[in-house]
Amino acid sequence: MRYSIFSVLAQALQGNTGWKPVWREAELKPAYDVIIVGGGGHGLATAFYLAKEHGITNIAVLERGWLGSGNVGRNTTIIRSNYLLPGNIPFYERSMQLWESLEQDLNYNAMVSQRGVLNLYHSEAQRDAFARRGNAMRLHGVDAELLEREMVRAIVPYLDFANARFPIAGGLLQRRGGTVRHDAVAWGYARAADQRGVDLVQNCEVTGIRVEGGRVIGLDTVKGFVRAGKVGLACAGNSSRVAALAGLKLPIESHVLQAFVSEGVKPLINTVITFGAGHFYISQSDKGGLVFGGDIDGYNSYAWRGNLPMVEHVCESAMALMPMLGRLRLLRSWGGLMDMSMDGSPIIDKTPIAGLYLNAGWCYGGFKATPASGWCFAYTIARDEPHALNAAFRLDRFATGHLIDEKGAGAQPNLH
Amino acid sequence: MRIDCCYCGPRGHEEFAYLGDATVARPNGDPKRPLDDAEWQRWIDYVYLRDNPAGPHRELWQHVAGCRAWLVVTRDVRTHAILNVEPARQVALARAR
């Protein structure tokens, strides 16, 4: 069924009794041309672009739990392309362009809202760093505006501009940034992939990767063996564990990142604000809850939950930036598993095993990258070589020294 | 998470700084000699590659807001349960033996 104003009206007249399930419950077939391991945003997007751009439709997406049960439904929904380094900017800008046409592409309302992303700076040195970043973005054709304090005040007057320790000096604004309804991204890609014949198989954990003569031949799963021409791994959070099934050791640690939502309030924040003096970012969902987050807890974790010291730290940052938040109650907090890579940048590449491809290491920036990640990973799988956009995201860059270290923090995953 | 420091007793983990996997070993070698391929690979392993297990994980923590000692903590990363704490010096000496 194609969604449109007419389908909504027709359903309204039928009392909404005619809506169909959004995708089929596919049974696992014995063999596929391509199998994607991981039914999150990136895996589903990869399957969709393989079908749409490369004409490959004999595809399965295997998911251990249910579709979109991982980080695509756990993030703070922010999209932006305000990066500094040459390997990153064109990739994230492609992602932004794909976000802008996503809903028409998928025929699905993902509530893409370009409400702007405002990064605050608090010192002269930080202003210089942001001016440099903004210039790098504009040289790559990405929109960026450097704002002085009064220009920031006109947008978000309720911040603590006179904070004694971290007074707000201005901001770097990317107006095309914003937020997206994150679950709808997974559902939209799933539906669009399903319509092109992709089998979406849930509750199907992969337990082994079979390799013969240096080439992947198939996967052992809890639903039995399935033969595969090519296999793409897109299981961030658990990338190390899945890659280990093929004997690969990755430059990745799994860490836990917490996110938070307050009780719902009337419209308050009409953009995305990031604090420049601490790791803190906040926006408001369409339901009214303030959605915010901070840094990773900082130690290896597969526990899907964090600890209280980081909750306190994030709330302190919130109070330093926006003291009125102290009157709000925290409604929920939750944790997700991050593939923290050794240079803070992702990997979309072939592996030393023929026919096995890797999409991993998203740190906590994976959501905004979803469309471009799927697009580039599909290209890499279909053509057996990376596209220019993901040419820098190589698996062997750690051996060759071509790191993409946006923060300059070195090989210390918990500092990225 | 509370870490039972060998010198200070149980303290909240916010008193400690985390370094990471304690099982990686810095390669030995003569710094004046160029690296051969195997040694090069050992350095890449040491600096960048991690087992990243889902289960008991031996890791280095420093009690920065206490005695400043380095500790090797064995922690189940699926549950955050701390299974064992040893002084890092003792672990290093045992490994050197």
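A residue counts as buried if 20 or more other C-beta atoms lie within 10 Å of its own, and this cut-off is needed for the first of the views below, which are taken from a predicted model.

View 1. Because L67(A) has 25 C-beta neighbours inside 10 Å, L67(A) counts as buried. Leaving aside residues up to four places away in sequence, L67(A) touches G39(A), L44(A), A186(A), A190(A), L200(A) and Q202(A). The C-alpha atoms of L67(A) and G41(A) are 8.6 Å apart in space, although these two residues are 26 residues apart in sequence.

**View 2. Packing of helix α2 (residues 41-54) against helix α6 (residues 182-195), both of chain A.** The crossing in which α2(A) passes α6(A) is left-handed. From α2(A) the contact takes in G41(A), L44(A), A45(A), A47(A), F48(A) and A51(A), while α6(A) contributes V185(A), A186(A), Y189(A), A190(A), A192(A) and A193(A). By kind, the residues of this contact of α2(A) with α6(A) comprise eleven nonpolar, one polar and no charged.

**View 3. The contact between chain A and chain B, in which 21 residues of chain A meet 20 residues of chain B.** On the side of chain A that touches chain B, at least two residues are supplied by each of α7 (239-244), β12 (252-264), β15 (289-300) and α10 (397-400) of chain A. The residues on this side of chain A divide into eleven nonpolar, seven polar and three charged.

Definitions and conventions. Residues are numbered from 1 along each chain as its sequence is written. Chains are lettered from A and ligands numbered from 1 in the order in which they are written. This is a predicted model: local features need pLDDT of at least 70, side-chain atom pairs count only at pLDDT 80 or more; totals for chains, interfaces and linings use all residues. A residue is buried if 20 or more other C-beta atoms lie within 10 Å of its own, exposed if 12 or fewer, and partly exposed in between; C-beta atoms are placed from the backbone. Two residues are in contact if their C-beta atoms, placed from the backbone, lie within 7 Å. Axes are lines fitted to C-alpha atoms, for helices over the stretch in contact, and angles run from 0 to 180 degrees between N-to-C directions. Helices (H or I, at least four residues) and strands (E, at least two) are DSSP runs, numbered from the N terminus. A crossing is left-handed if the near helix is turned anticlockwise from the far one by less than a right angle, and right-handed if clockwise. Ala, Val, Leu, Ile, Met, Phe, Trp, Tyr, Cys and Pro count as nonpolar, Asp, Glu, Lys and Arg as charged, and the others, Gly among them, as polar.
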